[in-house]
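Please look through the sequence and the 3D view below before reading on.

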Amino acid sequence: MMVQHFRGRRITVFLITFLMAIVVIFPLYWMGLSSFRTNSQIFSTRMNLLPGKLILDNYLDLFSTTKFPWWFANSLLITVLTTALGLFFCSLAGFALAKYRFRFKSHVLVIILVMVSIPRFVTVIPVFKLMSNLGLTDTYLSLILPFAINPLAVFLMKQYIEGIPDDLLDSARIDGLDELQIAIRIIMPIIKPAIGAAGILLVMQSWNSYLFPLIMMSTDTRMVLTVGLASLKSLYVVEFGMIMAGSTLSIIPLAAGYLLFQKQFVAGLTAGAVKG
């Protein structure tokens, strides 16, 4: 009786998970399918879920009539630099908050937690004025420097580093390592799960950013992917097929990044959930 009950629960969980997977995957499938169709086929009253006759015109037009390669390259460059700088500085900040004692440390932690809860669009005007005063508007630095530090990533690093024994760090100091060497050679290899989780957060934040690039950039060849695809919508014509094609290509780096760091991502999010 208990075996049947357990089997019934497993089947129920499987069905619920399967239905949730369909709900998540179907929009992506429809987006990819629509990228090979014309506008009239996309808005046809007959909802055909089978591929049928597919055309490559949307992809060809996207590369030939727009600056999509520039948009893609700009997003890739900004995302890679922002993520690399973010992981480095967030690791150092988490190390300092976890292992050092200094004045106003509790106040700094409170400020970080408050910053996590503040929506990003609230900081649009201050960040724009700061970049304008520094003469960095319409440059890649205006989209890299303000977002190289992520409060949530700092907090995640700090929580993970607190679990590292102080004796290990003291042994490294006795061996002659300075604090920066300890952070790079001792701390960072140990906190790879946290780095993987924070890395995906930083990648998604930078790659999907729209409001700040829209305000900061004014040159066509410096637009990022989100702003460039949005520019395909005009007052009278909306190239849905090209937008779907660009959106399909835009998810490839995110999917590749997640597949590459999924083990570290899951381990980082579940760190501390189970006590040994």
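A salt bridge is counted when a side-chain nitrogen of Lys or Arg lies within 4 Å of a carboxyl oxygen of Asp or Glu. Side chains of opposite charge can pair when their charged atoms come close. In this predicted model, the structure holds 5 salt bridges, and some of them are described here by topic.

**A pair within one helix**
- The side chains of Arg173 and Asp170 form a salt bridge, with 3.0 Å from N to O.
- Because they are 3 residues apart in helix α9, Arg173 and Asp170 are separated by about one helical turn.
- Arg173 is partly exposed at 30% relative accessibility, and Asp170 is also partly exposed, at 38%.
- Salt bridges with shared partners join Asp170, Arg173 and Glu179 into one network.

- Asp166 and Lys99 meet through their side chains in a salt bridge of 2.9 Å, N to O.
- This pair links distant parts of the chain, since Asp166 belongs to helix α9 (residues 166-174) and Lys99 to helix α4 (residues 68-99), 67 residues apart.
- Asp166 counts as partly exposed at 44% relative accessibility, whereas Lys99 counts as buried at 19%, the cut-off for buried being under 20%.
- Arg222 and Asp138 form a salt bridge of 3.7 Å, N to O, between their side chains.
- Here too distant parts of the chain are linked: Arg222 is in the loop between α12 and α13, and Asp138 is in the loop between α6 and α7, 84 residues apart.
- Arg222 is partly exposed at 33% relative accessible area, while Asp138 is buried at 14%.

Notes: Residues numbered from 1 in each chain as written. Predicted model: local features only at pLDDT ≥ 70, side-chain atom pairs only at ≥ 80, totals over all residues. Heavy atoms only, no water. Helix = DSSP H or I, 4+ residues; strand = E, 2+ residues; numbered from the N terminus. Buried < 20%, exposed > 50% of the residue type's maximum accessible area, 1.4 Å probe, protein only.
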